[in-house]
Amino acid sequence: MKRGVGNAIRTVLWGICAVGWLCPGPAVMAAEITIPLADGFDFPVGKPNAEGYYRSRGLRLRPPRHMGDDWNGRAGGNSDLGAPVYAIGDGIVTLAANARGAWGNVVMTRHAYRDPSSGKVRYIDTLNGHLDRILIRLGERVKRGQLIGTIGTNSGMYPAHLHFEIRHNIRIGLHRESAPPTLEHWADPTAFIEGHRRLSRDRRPVPVPLNAYQPYPGVKGL
Ligand SMILES: [Zn+2]
């Protein structure tokens, strides 16, 4: 859709919304930003190959569910407390906040990439949970391997580790229950990274949808 036409449609929909008849849903109102396609994905710890780390848990879609990987330092205990967490690819920060509860400090990033099998541009979100420190800001563009935070314990709730998710569904945000536990919505993070280490990248940046998340109390996301 041409930008002018899209803006015109949005203006009309907001007009209708203003008179209280029909409020457009997030899909219609989502803003866009352009970012470069990712040229590949690395591991979020021990860059680029998770050197010095092991996965203590992986993706489990059946109860008791675990929607991503847990990364721990090989030296054990809290030896990895404060260790660097990196952006797995070029993208944009869509959430960087203390979500409290079981999450703690969370950084989410959104990435566009060209799927090698279909040739189409696709999107993923990553979620990095229980961080000790957040070292980037909401809306910031990140590069593959850029420091985004450090491994934490969620204020002593867990032994230090990185909880790391990859989602194909970029509307989930912090509402994990909002998407069915299937590989259509969630990726096995390690399998995804291993299958997408290096990707061809067009010169032209691509549009990426924003404002995709349902609101979560006290947390601003894109
Ligand atoms: Zn976990």
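In the hairpin formed by β5 and β6, six residues lie between the strands, and R100 adopts a positive phi near 55°. Strands here, like helices, are DSSP runs numbered from the N terminus (E, at least two residues, for strands; H or I, at least four, for helices). This is a predicted model, in which local features need pLDDT of at least 70 and side-chain atom pairs count only at pLDDT 80 or more, while totals for chains, interfaces and linings use all residues. Residues are numbered from 1 along each chain as its sequence is written.

Of the eight residues of β5 (residues 91–98), six are buried, that is, they have 20 or more other C-beta atoms within 10 Å of their own, with C-beta atoms placed from the backbone.

Across the chain as a whole there are four helices and 13 strands, and 35% of the 222 residues count as buried. Among contacts (C-beta atoms, placed from the backbone, within 7 Å) with a separation of 6 or more, 67% link residues 24 or more positions apart.

The average pLDDT, the predictor's confidence in each residue from 0 to 100, is 90 for the chain, and 86% of the residues score at least 70. Over residues 11–29, however, pLDDT stays under 50, and the model has twelve contacts beyond four places in sequence for them. Where pLDDT is low, the predicted coordinates should not be read in detail.

Definitions and conventions: Two residues are in contact if their C-beta atoms, placed from the backbone, lie within 7 Å. A residue is buried if 20 or more other C-beta atoms lie within 10 Å of its own, exposed if 12 or fewer, and partly exposed in between; C-beta atoms are placed from the backbone. Two strands pair if DSSP finds at least two bridges between them.
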